[in-house]
Amino acid sequence: MKTKRSMVLVSNDPASQKKGASEVYNQFSKELAAFNLSDEISLTMVSDIHRDDIAPFVIVYPEAVIYGPVKPEDVHHLVEEHLYKGRIAVDLKAPTKQLTGPISWIADRKGTLPAEQRIVLERAGVIDPDSIEEYVIHDGYTALGKALTEMTPQQVINEIKESNLRGRGGAGFPTGSKWGFVASAQGDQKYVICNADESEPGTFKDRLILEGDPHSIIESMTIAAYAVDASEGYIYIRGEYSLAQTRLVNAIQQAKELGFLGENIFGTDFSFDIQIHAGAGAYICGEETALIESIEGKRGEPRPRPPYPTTNGLWNKPTLVNNVETLANIAPIIRNGAAWFNAYGNPSSAGTKVYTILGDVNVTGLIEVPMGITLREVISIYAKGMKNGAKLKLAQTGGSSGSIIPADLQDVPMDYDSFAKAGVTMGSGALLICSDKTCVVDLAKVLINFFRFESCGKCNPCRIGNQRAYQILTKISEGLGTEKDLADLGDISKWLYEMSNCGLGQTAGAPLKDVMSHFVNEVEAHINQKECPAGVCKMSGTMPAQK
Amino acid sequence: MTVNTKQDRDFIKTADEAVDMYHAKKEELIPILMKVNQDLGYIPKPVMEHISSRLQVPQSHLYSVATFYHMFFTEQTGRHVIKFCESAPCHVAGGREVFDALQEDLGISPGGTSDDGKWTLMTTSCLGVCAVGPVMMVDDDIYGNLTPDQIPDILAKYE
């Protein structure tokens with residue numbers, strides 16, 4: 001395993017080159033060798049950051065400190081102070097207030113080290129998930145007590161609004177606004193549903209929250225119910241998650257025995273009960289209207305929207321549907337206040353995000369970090385670098401409906417607004433890291449195959465479009481593609497987005513679109529040269545099987 | 001329907017147990033089917049007919065629900081069901097080679113049941129244990145970090 005403790009990035013844009021970036025780079029190389037640090041510290045040139053006035057400049061990770069302008073004779077001092085002794089060389093630091101453009105986010109970073117910060121996974125692995133006593137000792141149910149006895153439902157909603165919490169299921173909708181819609185909807189009966197039908201490929205954060213800290217979800221759902229005036233709740237959990245299911249059943253039982261759930265909670269006149277509904281294996285049931293159909297005992301086919309579940313949800317009543325990770329943030333926000341929550345992350349996206357790291361890296365697994373850290377940091381700090389020192393080619397975020405992010409976007413901070421600006425999405429929090437041994441045609445084929453398999457079949461663009469895209473990609477991967485196929489894939493991706501009824505179909509074309517915009521040369525090599533540059537596709541040249 | 005064989009009577013008994021467990025509520029159709037599927041390994045036609053009359057829902061609706069969800073089977077499966085994850089994280093971790101080896105060892109392709117009725121092979125979407133991909137499930141057991149050479153030893157554990 002090859003891991004690096006720090007990274008040094010030297011700017012390589014035209015302005016930096018003119019002002020001697022190469023000399024600075026070479027000097028770094030020499031000084032790192034002189035201090036015997038070459039094995040611990042990686043040195044790279046980056047070209048996608050434009051900042052002429054401080055060129056050439058140097059960014060040192062993981063602290064994300066920018067130095068500039070740097071002259072070759074400064075390098076010895078920099079290496080000695082920052083990399084050898086571990087102190088930031090203040091005299092060479094670029095003035096942060098002048099930071100503009102693509103790197104201005106570094107100035108917004110609160111605290112320099114992007115160390116793992118846990119809010120939703122705070123107790124996971126620390127307490128016994130089957131013991132309500134341990135949960136209570138660790139501040140459990142204090143937020144519910146505070147909400148019920150010291151706050152009005154409107155105050156609870158306002159607190160969530162001020163926290164700037166956004167839905168962690170993938171779409172990033174402001175949670176407080178959603179609560180407000182349900183609270184103001186007319187209805188004699190309202191429902192709160194926890195969406196635990198986590199099935200995005202590569203995502204297992206909700207499973208670990210439920211398995212590690214089931215009471216946090218029950219507490220947060222009860223707070224939500226109080227805020228929107230609901231008396232019944234459902235947890236819709238994936239059929240495959242049997243351990244999480246067992247723990248939830250136990251947690252609900254314990255909460256009822258201690259009076260945190262059921263009739264007259266905390267001696268108030270507020271009552272709320274939760275039922276568990278297990279899914280039976282259907283990715284589409286993670287879509288909120290399909291989930292509601294499934295609870296009603298039907299096929300999980302999404303409803304047309306509007307009307308939205310906030311007014312016409314379960315049994316046609318106003319219904320609040322929140323993802324597990326979103327809910328897990330609720331109790332901490334009520335307990336500590338919106339201002340506390342806003343201190344995490346960056347101005348566009350408050351709080352933390354749980355990511356699952358997978359693929360060609362040294363360490364895979366789960367991390368919870370502040371919003372706004374970069375892919376480069378995730379790979380080098382938490383994933384301990386690429387496996388066997390391989391080169392990063394792309395990362396796929398958020399399961400199958402996420403984006404394919406090429407390596408040159410790895411310095412974009414991972415938050416809702418920066419990603420939207422770069423034309424990519426965060427999705428559900430999976431980070432599938434792929435080295436240059438990955439073929440984009442093969443990857444797109446696997447992703448589309450997933451949608452082909454999981455499409456509910458209700459609307460034509462999704463049912464037929466994914467099938468057709470899969471056939472075309474199979475053809476290309478076998479060396480039988482034509483120029484027309486390329487245009488067809490572009491059309492299918494566009495039509496999927498424009499004409500599908502629900503989020504599944506609308507996002508199914510995203511991998512195609514990303515491949516076309518970032519890796520079209522590689523697809524063309526399959527078509528024109530009948531070659532797979534990564535050496536993955538077997539270019540047999542025979543007619544594809546029509547599956 | 002007319003009840004003839006002992007097998008039919010057993011089916012009806014299982015169906016009644018599942019329906020009673022959920023108080024014959026229409027909205028509990030999915031948990032009811034889940035219970036039957038667990039007890040019998042699949043949902044046979046006579047069972048669907050019986051549940052349909054007990055819940056007062058059309059058979060067509062029952063069939064449409066039973067065939068919609070991947071965890072339900074409407075045909076008898078082999079004694080052991082293998083679900084192999086074919087989602088992207090397992091695929092890039094070397095899943096394809098393992099799946100080829102698995103198909104060769106079993107002598108069946110996805111969706112097939114072996115002639116001796118021992119194995120049914122299926123592909124599945126993400127099982128949520130991606131950190132240890134490639135992954136497969138044999139009945140309720142999960143196997144991760146698979147390599148092609150482990151397959152014979154794993155299969156040998158099952159009678």
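Me: How far apart are the centres of domain 1 and domain 2 of chain B?
Reply: They're separated by 29 Å, taken over C-alpha atoms. Domain 1 covers 6-68 and domain 2 covers 80-156, with bounds that come from an automatic or database domain assignment. Keep in mind that this is a predicted model: local features need pLDDT of at least 70, side-chain atom pairs count only at pLDDT 80 or more, and totals for chains, interfaces and linings use all residues. As for labels, residues are numbered from 1 along each chain as its sequence is written, while chains are lettered from A and ligands numbered from 1 in the order in which they are written.

Me: OK. How many helices and strands does chain B have?
Reply: Six helices and four strands. Those are DSSP runs numbered from the N terminus, with helices being H or I of at least four residues and strands E of at least two. Reading from the N terminus, the order is α-α-α-α-β-α-β-β-β-α.

Me: And what size of box do its C-alpha atoms fill?
Reply: Roughly 50 × 30 × 25 Å, taken along the principal axes. Chain B has 159 residues, and 35% of them are buried. Buried means 20 or more other C-beta atoms within 10 Å of the residue's own, exposed means 12 or fewer, and partly exposed is in between, with C-beta atoms placed from the backbone.

Me: Let's pick a residue. Is Cys85(B) buried or exposed?
Reply: Cys85(B) is buried, because it has 29 C-beta neighbours inside 10 Å. You'll find Cys85(B) in strand β1 (residues 80-85) of chain B.

Me: What does Cys85(B) touch, leaving aside neighbours within four places in sequence?
Reply: Its contacts include Cys90(B), Thr124(B), Cys126(B), Gly133(B) and Pro134(B). Contact here means that the C-beta atoms, placed from the backbone, lie within 7 Å. There's also Met122(B), 37 residues along the chain from Cys85(B), with 8.8 Å between their C-alpha atoms.

Me: You mentioned Gly133(B) and Pro134(B). What kind of peptide bond joins them?
Reply: A cis one, with omega about 0°. Pro134(B) is in the loop between β2 (119-124) and β3 (136-138) of chain B. Chain A has a cis bond as well, between Arg305(A) and Pro306(A), where omega is about -5°. Pro306(A) sits in the loop between α12 (288-295) and β8 (319-323) of chain A.

Me: Why point those out?
Reply: Because most peptide bonds are trans, and most residues other than glycine have a negative phi.

Me: So which value does phi of Ala24(B) come near?
Reply: Near 50°, which is positive even though the residue isn't glycine. Ala24(B) is in the loop between α1 (6-21) and α2 of chain B, and counts as partly exposed because it has 14 C-beta neighbours inside 10 Å. Gln56(B) is another non-glycine with a positive phi, about 60°. Gln56(B) lies in the loop between α3 (45-55) and α4 of chain B and is exposed, with 8 other C-beta atoms within 10 Å.

Me: New topic: how many residues of chain B are in contact with chain A?
Reply: 26 residues of chain B, and they meet 37 residues of chain A. On the chain B side, the elements giving two or more residues are α2 (29-40), α4 (59-68) and α5 (88-106). α5(B) gives the most, with four residues. By class, that side has 16 nonpolar, six polar and four charged residues. For those classes, Ala, Val, Leu, Ile, Met, Phe, Trp, Tyr, Cys and Pro are nonpolar, Asp, Glu, Lys and Arg are charged, and the others, Gly among them, are polar.

Me: Now chain A. At what angle do α8 and α10 cross?
Reply: Roughly 50°, with the axes of α8 (residues 175-184) and α10 (residues 214-228) of chain A coming within 8 Å. Axes are lines fitted to C-alpha atoms, for helices over the stretch in contact, and angles run from 0 to 180 degrees between N-to-C directions. That makes α8(A) oblique to α10(A); under 35 degrees is roughly parallel, over 145 roughly antiparallel, 65 to 115 roughly perpendicular and the rest oblique.

Me: Which residues of α8(A) and α10(A) meet?
Reply: Trp179(A), Val182(A) and Ala183(A) from α8(A) meet Ala224(A), Ala227(A) and Val228(A) from α10(A). By class, that's six nonpolar, no polar and no charged.

Terms used. Two residues are in contact if their C-beta atoms, placed from the backbone, lie within 7 Å.
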